[in-house]
Amino acid sequence: MNFDLENMSLKELRDLHKAVGRQIDGFEARKREQAMTAAQKAAEEHGFSLKDLLTNGKAPKAAVAPKYANPDNTSETWTGRGRQPRWVKDHLTAGGTVDDLLIQ
């Protein structure tokens with residue numbers, strides 16, 4: 001595809017510029033869609049869905065609701081799992097119990 005850019009009018013050049021810009025913008029989206037279709041087809045050929053392969057057949061873990069809250073700042077919460085936040089440690093050091101921090 002050869003274009004004689006020297007002999008094109010300004011309007012033709014601008015139209016060509018817009019068309020090229022649209023093609024560049026859509027190129028990656030088209031390639032991504034082609035790859036997704038090919039991956040889905042390959043997964044189905046082996047008896048799987050693409051989602052099963054990507055999640056390893058496991059459902060995503062649900063978020064755990066907070067169980068404890070900082071009485072001085074109720075926006076700070078803790079589920080009771082993992083490391084204790086500093087405000088929990090400070091409360092325990094001051095002689096309090098974890099049960100004092102339970103969300104009612």
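This report covers surface, core, salt bridges and selected residue positions in a predicted model.

## Basis of the values

Because the model is predicted, local features need pLDDT of at least 70 and side-chain atom pairs count only at pLDDT 80 or more, while totals for chains, interfaces and linings use all residues. Residues are numbered from 1 along each chain as its sequence is written, and side-chain values use heavy atoms, with hydrogens and water left out.

## Nonpolar surface patch

A nonpolar patch on the surface is formed by Met-1, Phe-3, Leu-5 and Leu-13, with about 460 Å² of accessible area together. Accessible areas come from the Shrake-Rupley method with a 1.4 Å probe, and for residues only the protein chains shown count as cover. Patches take residues with over 30% relative accessible area and no salt bridge, joining like charges within 9 Å and nonpolar side chains (Val, Leu, Ile, Met, Phe, Trp, Tyr) within 5 Å.

Leu-5 is located in the segment before helix H1 (10–45). Helices (H or I, at least four residues) and strands (E, at least two) are DSSP runs, numbered from the N terminus. Leu-5 counts as partly exposed because its relative accessibility is 46%; the classes are buried under 20% relative accessible area, exposed over 50%, and partly exposed in between (1.4 Å probe, protein chains only).

Side chains of opposite charge can pair when their charged atoms come close.

Lys-11 is exposed, at a relative accessible area of 58%, whereas Asp-15 is partly exposed at 35%. The other pairs the side chains of Glu-28 and Arg-32, at 2.7 Å from N to O. Glu-28 and Arg-32 are four residues apart in helix H1 and therefore separated by about one helical turn. Both Glu-28 and Arg-32 are exposed.

The largest nonpolar core has five residues: Tyr-68, Trp-78, Trp-87, Val-88 and Leu-101. Such a core is a set of buried Ala, Val, Leu, Ile, Met, Phe, Trp, Tyr and Cys residues joined through side-chain atoms within 4.5 Å. Leaving aside residues up to four places away in sequence, Trp-78 touches Pro-66, Lys-67, Tyr-68, Arg-83, Gln-84, Pro-85, Trp-87 and Val-88, where contact means heavy atoms within 4.5 Å.

Asn-70 belongs to strand E1 (residues 68–70) and is buried, at 7% relative accessibility. With residues up to four places away in sequence not counted, Asn-70 touches Glu-76 and Trp-87. The side chains of Asn-70 and Glu-76 make a polar contact at 2.5 Å. A polar contact is a pair of N or O atoms within 3.5 Å; within protein, one must be able to donate a hydrogen and the other to accept it, and residues adjacent in sequence count only if both atoms are side-chain atoms. From Asn-70 to Leu-101, the separation is 31 residues in sequence and 6.5 Å in space, C-alpha to C-alpha.

## Other positions

Met-36 is in helix H1 and is partly exposed, at 38% relative accessibility. Met-36 and Leu-50 are 14 residues apart in sequence, with 8.9 Å between their C-alpha atoms.

Lys-89 sits in helix H3 (residues 86–93) and is partly exposed at 39% relative accessibility. Lys-89 and Asp-25 are 64 residues apart along the chain, and their C-alpha atoms are separated by 53 Å.

How values were computed:
A salt bridge is a side-chain nitrogen of Lys or Arg within 4 Å of a carboxyl oxygen of Asp or Glu.
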